[in-house]
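Here is a brief report on backbone geometry, strand pairing and helix packing. Please read it alongside the sequence and the coordinates.

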Amino acid sequence: THERKQWVFLWFNYMSKTLSFIRNYTRSLLDEPSPKNWTDSQLNTLIGQRYHRLYTAVTTVFEDYKISTTTLNTVANQQEYTNLPSDLFKLRRVEINYDIANTNSTFQRAAPISNIDIVRTRLAETNTGASIIRNPSYYYIGGTLGFLPIPDKTGTSAIKLWYTPLLTELADDEAEIDIPYPDRYYFLIAEGAAADALRFGQVEVAEADRLDQKFIAGVLLMQEELEDRIAEESKGIIDVSGDNLDFSTY
């Protein structure tokens, strides 16, 4: 009845958005309250895949939703470092202190080198003079983080990283999804998982396509709604040139 459907809808909206909750919601879309065509394990896999897609869509427009930090040590005359966090997804900010043992030395933001062709001289540059008069730079290639100029001193925790981490899997039925405003967007995961389930074995391809289109449209709307995390005042222009205006150092 209409009243029963309304009650079920309200029940879904007020429950915690856990793996078991989303699986039950997925089963409601599949019209299969208990396992028959799809086991819980199979649905968990499909839910996990769509959950990762949704999280990736979030971080595309909402980069600072989840930020982790860590530090690395510099090694004298070592340009490249591979001991990066295992859960690193996107680098958001890098700072380095070339003389951290000196109490008067400070961290500087390292500017990203988007393409190594930008470096017109040697990539293994040690010069700290006129050719690199701005802030230091870094490149990130294949899991390797390199600095220009090359650190000339060994320093403990002399490199600071801010990064978007990889998504943690839903470990058990009580694990809650970790996306902004989960009450607003949880259903997208279920719609996507149901679409994948219906497509297996060509069960209901037309319905699978319909749910997939709802998932895609919902993700686009979610990205539009999440884009302005700080909604105060008007948009502005950020100076990202990285000029070092501290003329007391060389």
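Y181 lies in the loop between β8 and α4 (182–199). The model is predicted, and in it the phi of Y181 is near 50°, a positive value in a residue other than glycine. Is Y181 buried or exposed? Its relative accessibility is 55%, so Y181 counts as exposed, the cut-off being over 50%.

S157 also has a positive phi without being glycine; the value is near 55°. S157 sits within a strand, β8. Its relative accessibility is 28%, so S157 counts as partly exposed.

## A cis peptide bond

Which peptide bond is cis? The bond from L148 to P149 is cis, with omega near -5°. P149 belongs to the loop that links β7 (144–148) to β8 (155–165).

## The open sheet

An open sheet is built from 4 strands. Their order is β1-β8-β3-β4, and the pairing is antiparallel. β1 (68–74) and β4 (108–109) are the edge strands. Each has a single partner strand, so one side of each lacks a neighbour in the sheet.

β1 and β8 run antiparallel and are joined by 6 bridges. Across this pairing, T74 stands opposite G155 of β8. Helix α3 (residues 40–61) packs on the sheet, where it touches β3 (88–96) and β8. The direction of α3 makes about 30° with that of β3. As background, side chains in a regular strand alternate between the two faces of the sheet.

Strand β5 (residues 111–112) pairs with strand β6 (residues 137–141) in the parallel sense, over 2 bridges. P112 has Y138 of β6 as its bridge partner.

β6 also pairs with β7, in the antiparallel sense and over 5 bridges. Here I141 stands opposite T144 of β7. The hairpin of β6 and β7 has 2 residues between the strands. In this hairpin, G142 takes a positive phi near 55°.

Helix α5 covers residues 205–226, 22 residues in total. From its first C-alpha to its last it reaches 31 Å. That is close to the 32 Å expected at 1.5 Å a residue.

Which residues of α5 are buried? They are A208, L211, D212, F215, G218, V219, M222, Q223 and L226. Down the helix axis, the buried residues of α5 fall within an arc of 135°, so they line one face of the helix. α3 and α4 are among the elements that cover these buried residues. The face of α5 turned away from the buried side carries the exposed residues A206, Q213, L220 and E224.

## T26 in helix α2

T26 is part of helix α2 (residues 19–30). Its relative accessible area is 0%, so T26 is buried; the cut-off is under 20%. What does T26 touch, not counting residues up to four places away in sequence? The contacts of T26 are L43, I47, A190, A193 and A194.

The side chain of T26 also has a polar atom 2.7 Å from the backbone oxygen of I22.

Terms used. Residues are numbered from 1 along each chain as its sequence is written. This is a predicted model: local features need pLDDT of at least 70, side-chain atom pairs count only at pLDDT 80 or more; totals for chains, interfaces and linings use all residues. Side-chain values use heavy atoms; hydrogens and water are left out. Buried means under 20% relative accessible area, exposed over 50%, partly exposed in between (1.4 Å probe, protein chains only). Two strands pair if DSSP finds at least two bridges between them. Contact means heavy atoms within 4.5 Å. Axes are lines fitted to C-alpha atoms, for helices over the stretch in contact, and angles run from 0 to 180 degrees between N-to-C directions. The expected span of a helix is 1.5 Å times one less than its number of residues. The arc is that of the directions from the helix axis to the C-beta atoms. A polar contact is a pair of N or O atoms within 3.5 Å; within protein, one must be able to donate a hydrogen and the other to accept it, and residues adjacent in sequence count only if both atoms are side-chain atoms.
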